[in-house]
Amino acid sequence: MKNDVTKIVLAGEGGQGIQTIAKILSLALVKADYFVSYIPQFGPEQRGTPSVSFIQFSKSQITYPKFDTADIVMVLRRRAIKTIESYIGSKTDVLFDSSTIARQNFTLNNSRLFAIPATKLAEEEFGAKNQNILALAALAKNFLDYPKNALWEIIAEQLGKKFAKNKSLAGKAKEAFDFAYDFSLESKKFTKAEYDTSDSLIVKKNSQRVAVIVPKYCKGCGICILKCPVNALSFGKTLGVYGTPVPEIDIDKCINCGNCYRFCPDCAIRVVKK
Amino acid sequence: MKTPNEQFAMPQCLNSKSKPSLFCPGCGESIILKHLGNVVDSENIQSKTTLVIDIGCTLLSWNYFNFDIIQSHHGRSVPVSVGYKMARGSRVVIALMGDGGAYAIGLQSLLHAAFRNDPILAIVINNTEYSMTGGQMAPTTVPNEVTTTSPLGKNASIFGPAFHGPELVRQIANSKAFIARASVGNPTLMDSIITKAIENQQKNNSFSMVEILSICPTNWKTDAAESFEFLAKLEKIYPVGEVKKTLDKKSEDI
Ligand SMILES: Cc1ncc(C[n+]2csc(CCOP(=O)(O)OP(=O)(O)O)c2C)c(N)n1
Ligand code: SF4
Ligand code: SF4
Ligand code: SF4
């Protein structure tokens, strides 16, 4: 480990399990006899802005929980980059989710960029909930050289309640963990960011009406789908601000009742007569 | 028709830079704010509206609109609004607060504003708990409802029944005051109730209070369908519509 104190920033959207990873990682470091400081980002921002955690560990005591430049940054969604970009220095190792973030979103000229397509792997192979376990395993192996079995024990202990409720979840989580621990990180050549939030409007028209859906405002709450009286809405493939699917509209089925607009909390959908 | 752009599904007076908002996915407060924006648009009062927000999740709306927004303290959006209105009588002044702010720490301010007929509109968001701090039991928590501080369900014999704010305020409010309850379950009715309340301030220079039943999927730990199911239960306990005085004449005359 590079310095006396190693500084880590973890960032993503709320719901991606950033604080869960941070807690597990901190406990793992304590178990390995380090002094550890972990603070989640506080403030009213904690609801609708990226979720960030700051971790430091050292063999000697840590005197101050804040820092300017990180040794390791892990970032799992594009919107979070802006929040944590200032912590990336020329010697910072950056691990990102290449299935949600394209390489060119990092404006910094940093050659220490590494990736694992965690969201894609989770969605397509290990179950959506395991995206943070994939990221955690890749981080702990590649940047901290943390022993595999010891780390899994802590994960199993921390997520024990969830695993007890759902046995297949536990099995999938372990598979994801094993896979990611042995995954050789992407560098220079990255997976396509097909799970990134869509920046473009969705516009659907027929002779009577026009529907507009704004993925970068949609939080995937599903209220519009619930409130549509004719089932003209369902979740599609395009992703919204939190990486959740946004509704798709069957414009011919729609009767223009206005409910989706009326109930959408985030001004992300509206249908109007032509 | 407007050409489709990112503001297509937004009331005009909304600040598009506040999007995506700070509210959780599926938050009822966000639905309420959108409808408040619709009423401000249709009443054509954007240039003279001032919103005073409380502590609680309402503070997440500090940049929601393209009109003035004042941040007050917990339970203090009403007295700040009253003072502001005294100084700037031509403004349309709206205080926005949670049920904790309105009925626990700030109740005396609300009661006296209603009693004095201070010409402001108090909007109280009733989601049956303290949301911003993690879903603790509030006066409005209904019997047997599970919250983080009533993990076995609210015991009404110890903590009292569901707190009916508008009904309480009605008993001492000036007769010109407009007092009603709406629900995010019925946005069209919510629009017309908010409109009436704003007109009562503009035309009659009088106090209005609107409680709005809302959903908090984060603390309720509900999905869309479950949120609206619980809201329907709340609508049975907390009836929606204008609230009328129930005390008899005699007690008022005393
Ligand atoms: C004087 C004071 N007491 C306590 C708090 C802590 N506090 C912050 S938000 C909050 C709860 C707000 O709940 P509510 O008014 O119901 O609004 P909601 O979050 O549900 O919209 C509390 C108690 C505070 N900020 N100030
Ligand atoms: S306008 Fe009505 S019918 Fe059309 S999609 Fe929206 S909710 Fe469904
Ligand atoms: S109600 Fe709005 S935010 Fe929720 S899923 Fe529909 S479009 Fe997205
Ligand atoms: S905690 Fe509840 S009231 Fe607050 S923003 Fe989230 S859903 Fe809305």
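## Terms and basis

A residue counts as buried when its relative accessible area is under 20%, as exposed over 50% and as partly exposed in between, using a 1.4 Å probe and protein chains only. The model is predicted: local features need pLDDT of at least 70 and side-chain atom pairs pLDDT 80 or more, while totals for chains, interfaces and linings use all residues. Residues are numbered from 1 along each chain as its sequence is written, chains are lettered from A and ligands numbered from 1 in the order in which they are written, and side-chain values use heavy atoms, without hydrogens and water.

## Aromatic pairs

Over all chains there are 18 aromatic pairs (Phe, Tyr or Trp rings, the six-membered one for Trp, with centres within 6.5 Å; planes under 30 degrees apart are stacked, over 60 edge-to-face, the rest tilted). Phe263(A) and Phe228(B) are edge-to-face, because their ring centres are 5.8 Å apart and their planes stand at 80°. Both Phe263(A) and Phe228(B) are buried.

Phe23(B) and Tyr64(B) also pair edge-to-face, with 6.0 Å between centres and 75° between planes. Phe23(B) is buried, as is Tyr64(B). In chain A, ring pairs connect Trp152(A), Phe163(A), Phe177(A) and Tyr181(A) as a cluster.

## Charges over rings

Lys59(A) places its charged end over the ring of Tyr34(A), 4.2 Å from the ring centre (NZ of Lys or CZ of Arg within 6 Å of the centre and within 35 degrees of the ring normal). The charged end of Lys174(A) sits over the ring of Trp152(A), at 5.5 Å from its centre.
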